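Thanks for asking for a second pair of eyes on this one. Here is a short note on the spaces inside the model, the ligand and a few backbone details.

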Amino acid sequence: MVNVHRRRSWEIAESFATPEYAFLNRRALLAAMGIGAMAAAVAPGRARGAEADPTADLYPARKNDAYGVDNGITPENINANYNNFYEYGTDKYIATAAQSLVVRPWPIEIGGLVEKPLTIEFDELVRRFPLETRLYRHRCVEAWSMTIPWSGFPLASLVEFARPLSDAKFIRFETFLDPSMAPGQNSFLYPWPYVEGVTMAEAANELAFLVTGAYDKPLLKQFGAPIRLALPWKYGFKSIKSIRRIDFVAERPVGLWEAIQPSEYGFWANVNPDVPHPRWSQARERVLHTGETIPTRIFNGYGAQVAHLYEGLDPSSLFM
Ligand code: MTE
């Protein structure tokens, strides 16, 4: 057999990314993991279940060059060991615990205000849409950021597939609920399951993306396998992981964080450096793969695509 080096689709040589991203910068890793953290680094390579995954043949997905980043890609081993997934713990080092997430079978219910509610297995759903790879920025409300090669399909394609009725105004997403495989769900401090929502106009926006893979393979469990959302102009908590239920609704959904602390986490949660979180500034962000702190941009730099969605709305609630 000939050993061919196949360039991974997110490995771009062009202007978007600096070549340094490919190297694991020790300082950045320590910064990302928190010095002294005893978390076991989970090797994110293909070995961890990727071959056994019946959707592995879908990757690498065609790269869509319309979506790029300008400060390099976060190496997979940094990203895969610094996650928010409260179902598996409240710190960033849940990668090992998240391996108990069982992703097959994974029936997804699509219901609410649709022509015909249905349940579809993830492995079938993912083959209904052409997958593509996009480089997206990811800005957490906690003021750190990454850049990620996500693969998936536009949320707008799912909306078309679901055939919502005209009185649907929002989409409500729900994560699985199973404390036997997610110990964090035994905690009474959180109103499980994790819920998030968007307006129909936001769902139709080109940037709203349903993610099924990253780094040219199916999603690692800690990333929210087998399917999660990416809304790169909003704080990361809007990008719900491990989606099990999608409902088209008339009322604005209340997300898990909004339910717990509405004075700190709202429905819109659009990134804005000029609107501080009640307990910290949002002016700057720590880039996990460089260790640098850089200025945050309005709508996380995606204003050209999304600012029009919010014209005429009360700005006092749009950015929390
Ligand atoms: N989805 C679920 N189900 N559970 C979570 O705890 N955390 C959110 C979001 N989606 C979360 C979730 C938060 S706060 C962020 S910043 C991102 O996932 C983190 O995604 P990442 O771990 O891929 O960086």
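The numbered points below go from the pocket and ligand to the cavities and then to the backbone.

1. Ground rules. This is a predicted model, in which local features need pLDDT of at least 70 and side-chain atom pairs count only at pLDDT 80 or more, while totals for chains, interfaces and linings use all residues. Residues are numbered from 1 along each chain as its sequence is written, and side-chain values use heavy atoms, with hydrogens and water left out.

2. The largest pocket. Its volume is about 410 Å³. A pocket here is an open set of points on a 1 Å grid over the protein atoms alone, with protein on both sides within 12 Å along at least five of seven lines; a cavity is a set of points where a 1.4 Å probe fits but cannot get out, and lining residues have an atom within 4 Å of a point. Points are joined across faces, edges and corners, and a volume is the space filled by probe spheres set on them. The pocket is lined by 26 residues, and Asn-84, Phe-85, Tyr-194, Gly-236 and Phe-237 are the closest to its centre.

3. Who lines the pocket. Strand E5 (residues 144-154) provides the largest share of the lining, 4 residues; strands (E, at least two residues) and helices (H or I, at least four) are DSSP runs numbered from the N terminus. The lining divides into 15 nonpolar, 7 polar and 4 charged residues. In this scheme Ala, Val, Leu, Ile, Met, Phe, Trp, Tyr, Cys and Pro are nonpolar, Asp, Glu, Lys and Arg are charged, and the others, Gly among them, are polar.

4. The ligand. Where does the ligand sit? The space it takes is the largest pocket, by the criterion that more than half of its atoms lie within 2 Å of the grid points. Around the ligand are 17 residues, with Tyr-86, Glu-87, His-138, Arg-228 and Lys-241 the closest; to count, a residue needs a heavy atom within 4 Å. This shell has 8 nonpolar, 6 polar and 3 charged residues.

5. Polar contacts (pairs of N or O atoms within 3.5 Å). Ligand oxygen atoms are 2.7 Å from a side-chain N or O atom of Arg-228, 3.1 Å from one of Asn-83 and 3.2 Å from a backbone N or O atom of Asn-84. Taken alone the ligand exposes 530 Å², and the protein buries 99% of that; the areas come from the Shrake-Rupley method with a 1.4 Å probe.

6. The largest cavity. The structure holds 2 cavities of 30 Å³ or more, and the largest has a volume of about 60 Å³. Of its 14 lining residues, Arg-137, His-138, Ala-230, Leu-231 and Ser-239 are the closest to its centre. Strands E4 (132-139) and E10 (228-230) each supply at least two lining residues, with E4 giving the most, 4 residues. By class, the lining has 7 nonpolar, 3 polar and 4 charged residues.

7. The second largest cavity. About 40 Å³ of space lies here. Its lining includes Asn-71, Arg-137, Glu-285 and Ile-294, and divides into 2 nonpolar, 3 polar and 3 charged residues.

8. Backbone details worth a look. Most residues other than glycine have a negative phi, and most peptide bonds are trans. The bond from Trp-192 to Pro-193 is cis, with omega near 0°; Pro-193 lies in the loop between strands E6 (170-175) and E7 (195-199). The bond from Ala-225 to Pro-226 is also cis, with omega near -5°, and Pro-226 is in the loop between strand E9 (217-218) and E10. Phe-299, not a glycine, has a positive phi of about 50° and is found in the loop between strand E13 (293-295) and helix H7 (303-306).

How values were computed
A polar contact is a pair of N or O atoms within 3.5 Å; within protein, one must be able to donate a hydrogen and the other to accept it, and residues adjacent in sequence count only if both atoms are side-chain atoms.
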